[in-house]
Amino acid sequence: MLKYRLRSKRVEELVEYAQAGFKEAIDLIVEKYYPMVVKIASQYFASWAEHEDIVQNGLVGLIKAIFYYDKTKSSFTSFAWRSVDSEIKSFLTYLNRKKNRMLSDAVNVDGMEKEEDDAPFEVPDSETDVARSAFSGIILETVLELLNEKEKEIFLRWLDGCSYSEIAKELGVNTKKVDNTVQKVKRMISGLG
């Protein structure tokens with residue numbers, strides 16, 4: 001019943017309800033803005049990414065927009081457009097880096113060795129719940145804001161699948177610094193969860 005009462009609300013009001021935790025408001029915003037997400041996603045093409053995956057990541061950007069929106073700064077529609085576009089670009093950049101990394105790993109046999117506790121977080125597949133992906137992205141952004149520049153570099157390379165020794169060599173630090181940074185981030189994330 002709440003969903004029907006919410007249908008008559010302006011988008012900014014729906015966003016307030018969504019930020020307060022009403023799932024029905026999130027569903028209505030996603031329903032209303034889905035065509036915009038598809039339109040933005042159709043502007044991008046990557047031979048290594050399915051169109052549905054691009055749309056899915058656009059929806060993650062839309063959900064992030066719902067939770068980050070501040071009505072004193074802009075209209076929701078323009079904020080959502082920028083958020084969706086940015087999330088899609090980040091997704092395609094990530095895939096491009098991953099693709100290039102696989103190519104360089106095929107050439108570099110030394111990169112095949114990995115330490116035991118060296119695996120990055122798993123990237124959600126296209127069937128993962130959109131809201132869960134959005135919250136994961138929000139947690140990642142929050143953690144990155146709390147790290148210094150060197151720690152960010154270490155953590156992002158670790159997320160890309162680099163081993164501790166590869167990161168240490170690339171950034172000119174020792175593997176203990178890499179491990180300390182990764183463990184620090186894991187503690188931060190468990191504290192946010």
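Reader: Which residue forms a salt bridge with Glu16?

Author: This is a predicted model. In it, the closest N and O atoms of the pair are 2.7 Å apart, within the 4 Å that a salt bridge requires. The partner of Glu16 is Lys71.

Reader: How many residues apart in sequence are the parts that this pair ties together?

Author: Glu16 lies in helix α2 (residues 11-19), whereas Lys71 lies in the loop between α4 (51-68) and α5 (76-107). The pair therefore ties together parts of the chain whose separation in sequence is 55 residues.

Reader: Is Lys71 buried or exposed?

Author: Glu16 has a relative accessible area of 40%, which makes it partly exposed. For Lys71 the value is 55%, and the cut-off for exposed is over 50%. Lys71 is therefore exposed.

Reader: Is Lys64, which meets Glu87 in a salt bridge, buried or exposed?

Author: The side chains of Glu87 and Lys64 meet at 2.9 Å, N to O. The pair links distant parts of the chain, with Glu87 in helix α5 and Lys64 in helix α4, 23 residues apart. Glu87 has a relative accessible area of 15% and is buried. Lys64 has 6%, and under 20% counts as buried, so Lys64 is buried.

Reader: In which helix do Glu149 and Lys152 both lie?

Author: Glu149 forms a salt bridge with Lys152, with 3.4 Å between the closest N and O atoms. Glu149 is exposed at 55% relative accessible area, and Lys152 is partly exposed at 24%. The two are 3 residues apart, about one turn of the helix, and both lie in α7 (residues 149-159).

Reader: How many salt bridges does a search of the whole structure find?

Author: The pairs discussed above include Glu16 with Lys71 and Glu87 with Lys64. The search of the whole structure finds a total of 8.

Reader: What is the orientation of α2 to α3?

Author: α2 and helix α3 (residues 23-41) pack with their axes 8 Å apart, at an angle of about 140 degrees. Roughly antiparallel would need an angle over 145 degrees. α2 is therefore oblique to α3.

Reader: How many residues of the contact of α2 with α3 are charged?

Author: The crossing of these two helices is left-handed. On the α2 side the contact is made by Val11, Leu14, Val15, Tyr17 and Ala18, and the α3 residues include Ile26, Leu28, Ile29 and Lys32. The contact holds 10 nonpolar residues and no polar ones, and the number of charged residues is 1.

Methods:
Residues are numbered from 1 along each chain as its sequence is written. This is a predicted model: local features need pLDDT of at least 70, side-chain atom pairs count only at pLDDT 80 or more; totals for chains, interfaces and linings use all residues. Side-chain values use heavy atoms; hydrogens and water are left out. Helices (H or I, at least four residues) and strands (E, at least two) are DSSP runs, numbered from the N terminus. Buried means under 20% relative accessible area, exposed over 50%, partly exposed in between (1.4 Å probe, protein chains only). Axes are lines fitted to C-alpha atoms, for helices over the stretch in contact, and angles run from 0 to 180 degrees between N-to-C directions. Angles under 35 degrees count as roughly parallel, over 145 as roughly antiparallel, 65 to 115 as roughly perpendicular and the rest as oblique. A crossing is left-handed if the near helix is turned anticlockwise from the far one by less than a right angle, and right-handed if clockwise. Contact means heavy atoms within 4.5 Å. Ala, Val, Leu, Ile, Met, Phe, Trp, Tyr, Cys and Pro count as nonpolar, Asp, Glu, Lys and Arg as charged, and the others, Gly among them, as polar.
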